[in-house]
Amino acid sequence: MAEESFDSLGLTESTLQAVRNAGYETPSPVQAGVIPKALDGYDVLGQARTGTGKTAAFVLPIIDRVDTHPSIKAPQALILVPTRELAVQVQGEAEKLSRNRNIRCVAVYGGQPINRQIEQLKHGTHMVVGTPGRILDHISRRTIDLSELQCVVLDEADRMLDIGFRPDIERILRKCPQSRQTLLLSATVPPIIDKLAERYMYEPVKMDFSAQDIAVETIEQFYFTVHPKNKFDLLKRLLQREDPHQAIVFCRTKRTTDRIFQRLQKQFKNVGSMHGDMPQRARNKMMKMFRENELRLLVATDVIGRGIDVSGVSHIINYDIPESCDDYVHRVGRTGRMGKEGVAYSFVTPDQGEELTRIEMRIDRLLKQSKIEGYDPAWIEPEAPKPEGEAPPKFSRRGQRRHKRGL
Ligand code: AMP
């Protein structure tokens with residue numbers, strides 16, 4: 001099949017110029033599929049994950065049709081997203097793709113002073129991207145005018161429903177003009193999404209890009225069996241060996257994140273950290289520094305595991321393997337984006353064999369065991385026997401078997 005070109009999607013010349021300025025040469029499958037349909041005015045339900053170029057797939061048709069007449073102050077497009085980070089990221093992509101035109105995009109989300117957002121909205125904007133809670137807040141304060149809306153986007157719809165935004169989303173959609181276009185992007189399409197589409201979309205064109213979504217399949221994935229006491233030592237050795245261009249080190253808790261950050265900072269340069277307890281402003285700053293390559297190592301909780309696009313990430317290190325298999329997929333999906341190469345390492349303690357097996361079942365492949373020359377991270381100096389002390393930690397049966405199998 002001949003490779004699609006942006007020129008054949010129906011975009012106007014000024015949008016094509018913006019695409020060229022952004023350095024995009026060929027449309028990704030989700031862009032080639034969604035853009036022409038959206039430009040034709042159809043509602044679209046697209047199944048696609050982050051990393052597939054889905055943001056530009058909905059942003060480009062929006063900016064292509066925005067009316068920039070100065071008399072229109074109210075937003076013409078509303079993009080709902082599950083997290084603050086994603087709101088900032090979508091805003092960044094919208095700005096990148098509309099730099100050659102005077103198109104404004106305001107991001108509104110919790111954790112940021114509402115007054116500034118009110119000012120920005122009052123000043124006038126073409127697009128608004130935000131989290132459902134904060135958008136509703138603006139609706140109830142009457143600081144956002146939805147009467148000019150031509151297009152509403154539900155981005156990462158499954159995630160928004162997962163975290164309980166369904167009533168908020170429905171309330172918002174009921175306030176939007178009926179004649180609007182609705183675009184829905186979701187990594188998965190469970191029945192609840194179909195129901196939402198049935199109720200709030202008009203004869204949506206359904207497209208599934210999950211088959212082309214090979215991000216996780218193309219990433220090399222390894223694990224280490226490691227004794228809990230050796231985890232930091234292993235991390236240090238691994239970072240020394242790999243010398244990553246950029247790495248995210250994922251931890252399960254804020255405490256571990258802080259602790260690992262403190263220790264890493266003493267040994268490596270350009271280290272940052274990010275978790276949900278940090279003020280939004282600090283989180284944004286960290287994200288920006290990481291995206292702009294000022295940080296090389298970012299220690300984080302799953303706060304940034306989902307949806308966030310940092311295209312230079314070469315390594316994902318699961319210092320703690322995630323509790324949920326979905327989080328594993330999201331974490332690992334931070335690397336290997338848009339066809340770039342990536343590698344992921346997971347630290348598995350001997351009693352976590354079953355958790356590793358669950359992840360392997362979820363991604364339908366076995367992780368390879370990695371080794372560091374002359375070093376066994378699972379081994380610790382045996383303690384001097386105590387007369388009535390506790391037994392040394394035992395491998396769970398599953399973990400032990402795996403360890404022996406050398407998988
Ligand atoms: P997304 O799936 O929207 O999070 O996009 C993933 C990354 O791919 C972002 O950094 C985009 O800027 C980038 N991107 C989107 N479309 C293209 C394209 N057609 N060519 C190259 N990079 C792209």
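## Aromatic cluster

Phe-222, Phe-224, Tyr-319, Tyr-345 and Phe-347 make up one aromatic cluster. The structure contains four aromatic pairs; rings of Phe, Tyr and Trp (its six-membered ring) pair if their centres lie within 6.5 Å, and planes under 30 degrees apart count as stacked, over 60 as edge-to-face and the rest as tilted.

The model is predicted: local features need pLDDT of at least 70 and side-chain atom pairs count only at pLDDT 80 or more, while totals for chains, interfaces and linings use all residues. Residues are numbered from 1 along each chain as its sequence is written, and side-chain values use heavy atoms, with hydrogens and water left out.

## Two pairs within the chain

Phe-222 and Tyr-345 are stacked, at 5.3 Å centre to centre with 20° between the planes. This pair joins distant parts of the chain, 123 residues apart: Phe-222 belongs to strand 8 (residues 220-225) and Tyr-345 to strand 13 (residues 343-348). Strands are DSSP runs (E, at least two residues), numbered from the N terminus. Both Phe-222 and Tyr-345 are buried, that is, under 20% relative accessible area (1.4 Å probe, protein chains only).

Tyr-319 and Phe-347 form a tilted pair, 5.8 Å centre to centre and 50° between the planes. Tyr-319 counts as buried because its relative accessibility is 5%; Phe-347 is buried at 0%.

## Charges over rings

The charged end of Arg-237 sits over the ring of Tyr-375, 3.8 Å from its centre. Lys-37 lies over the face of Tyr-42, at 5.1 Å from the ring centre. The criterion is NZ of Lys or CZ of Arg within 6 Å of the ring centre and within 35 degrees of the ring normal.

How values were computed:
Helix = DSSP H or I, 4+ residues; strand = E, 2+ residues; numbered from the N terminus. Buried < 20%, exposed > 50% of the residue type's maximum accessible area, 1.4 Å probe, protein only.
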